Amino acid sequence: MSRQKKSYEGIVLTAPVTVPYQRFSANDATWFIGQALRMLLGKSQLKKTDIDGLAVSSFTLAPDTVASLTEHFDMMPRWLESLPFGGASAVIAAMRAARAVQNGDADVVACIGGDTAQRGSFRELAANFSRFSRDAVYPYGGAGPNAIFAMITRNYMTRFGADAADFGHLCVEQRKNAAHNPNALLRKPLSLDDYLNARLIAEPLRLFDCVMPCAGAEGFLVMTEEKARRLSLPFAYLLSAEEQHNSHSAEELPMGGGWRMFRDDLYNAASCGPEDMDFLQTYDDYPVMVFQQLEDLGFCGKGTAADFVRSTDLSTEGSGLPHNTCGGQLSVGQAGFAGGFLGMVEGIRQLTRQPMGKQVADAELGLVSGFGMVNYDRGLCAAAAVLKKGEV
Amino acid sequence: MTLNYPRFHKQFRTEKGKLFLQHCSECSTLQYPPREVCRTCLCDTLEWKTVSAQGKLVSWTVLHTGLEPAFENRFPWKIGEVKLECGVQLIVHLDIEEPFFFMEVSVELRLFEETLMYFASKHQKE
């Protein structure tokens, strides 16, 4: 079923910023979000009073909220948004902020994903992630989401014949992109042997299938094209964007996140297809989810992602499909909900010629995908956006 | 790690070959994990109904590390997901040497770390 929704015409994404990642930090989430805001002001040359909208996604902000942040940062916004959607938060932040600016509810929205990571704190967060998780997953030893994605990975391997080396190939290729990104916590080259010989975490997942939790923040601004031009800020258009939640409740263990349900609408609204993309930023919490995004977003057929990643150059320098051009979370680290912002911010960076890693030559069009919130035995939130280089 | 939530109490009744699951008094939906309202019709008059403890294993993993101290000396530890005959899916501990896809299993409650939890074992035909 095709749906027509209002376009995001006239709205742009700009000023991508990244607060350097750290494995652990003694600072709390407000520091990371505050630093991101400061960097947004620095990059845009706007005053704090010019930012009249604030959209925040954070896993470690409690007991504070986006409302209390306005007092932390002494701001007086007329529009606030909180995005508890994990890895889908950045795409959804852009969507919400774009509508707010289109409707005049805000002029400039700062979208920030930021989290801290303190020793031992992850256990408490995982144990109390949600009611279902607390009651029916954590007591079974499910270490955060590892156990669930181990089971999803096993099903995918059995159903489609993928093997560990296929997932390893993806991890190895992403690590090559990370070599150029000074912010990546894991930059050392990874060989397939390193991947296959790494310790088991939750079979069939090994160490390098799992992201490294860390602290950091990512942010960008949403405003009108006219304002970005006036400020001489390079920008990206939001050509189209979609979100879909709890899409696979009828499947035993789902082979998707929800992207299939909106794929046609996403591409139709952007008047393009997967073959037109100059890069792809997927949400790589685990390699199996990258495979599912490649398939469900139409880059290859269902169950064929293993062949696709082996036959396609995924590096920033190749003529294939540059994928997770800054190294992705599997190399950079997962700074909580900022992990969902990594691909979006890198996408804006590529299109405004300020990448963290290598620039994809002549990048004009890119796709950013997000996925988040494992509540019981599957992820609930999927989102994706098509971005286009601004015509400055 | 004790589960003290009131909505769990009746779930932990035991009867051989049976499990107790939340059941909607209006639309007969069975559900797990326990909720405050029916997932289908949102009615809040939920009862506990016995269902067959048999099902099939739809996936599993062997944990080698974890966050919960209670498991520290137990790795490697197997857990899995079972689809019961009634269609409801449970995450369970596995008491199975060599799990395989769609293996017929029986689920029962066992005491683990002073808490009753679901364990699946190979279904023994009577």
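Visitor: How many aromatic pairs are there over all chains?

Guide: The count comes to 21. Rings of Phe, Tyr and Trp (its six-membered ring) pair if their centres lie within 6.5 Å; planes under 30 degrees apart count as stacked, over 60 as edge-to-face and the rest as tilted. Bear in mind that this is a predicted model, where local features need pLDDT of at least 70, side-chain atom pairs count only at pLDDT 80 or more, and totals for chains, interfaces and linings use all residues. Residues are numbered from 1 along each chain as its sequence is written, chains are lettered from A and ligands numbered from 1 in the order in which they are written, and side-chain values use heavy atoms, with hydrogens and water left out.

Visitor: Why is the pair of A:Phe59 and A:Phe337 called stacked?

Guide: Their planes are 20° apart, and stacked asks for under 30 degrees. The centres are 5.2 Å apart, within the 6.5 Å limit.

Visitor: What makes this pair tie together parts that are 278 residues apart in sequence?

Guide: A:Phe59 lies in the loop between β2 and α2 of chain A, and A:Phe337 in the loop between α13 and α14 of chain A, so the pair links those two places. Helices (H or I, at least four residues) and strands (E, at least two) are DSSP runs, numbered from the N terminus.

Visitor: Which of these counts as buried, and which as partly exposed?

Guide: Buried means under 20% relative accessible area, exposed over 50%, partly exposed in between (1.4 Å probe, protein chains only). A:Phe337 has 9%, so A:Phe337 is buried. A:Phe59 has 22%, so A:Phe59 is partly exposed.

Visitor: And why is the pair of B:Phe112 and B:Phe119 called tilted?

Guide: The planes stand at 50°, so the pair is neither stacked nor edge-to-face. The centres are 6.1 Å apart. B:Phe112 is buried at 4%, and B:Phe119 is buried too, at 7%.

Visitor: How do you know that B:His93 is buried?

Guide: Its relative accessibility is 0%, so B:His93 falls under the 20% limit. B:His93 sits in strand β6 of chain B. Contact means heavy atoms within 4.5 Å, and among the residues B:His93 touches are A:Pro139, A:Tyr140, B:Phe112 and B:Phe119.

Visitor: What makes A:Arg99 lie over the face of A:Tyr8?

Guide: A charge sits over a ring if NZ of Lys or CZ of Arg is within 6 Å of the ring centre and within 35 degrees of the ring normal. A:Arg99 is at 4.0 Å from the ring centre of A:Tyr8. B:Arg74 sits over the ring of B:Trp77 as well, 5.8 Å from its centre.

How values were computed:
Lists of a residue's contacts leave out its neighbours within four places in sequence.
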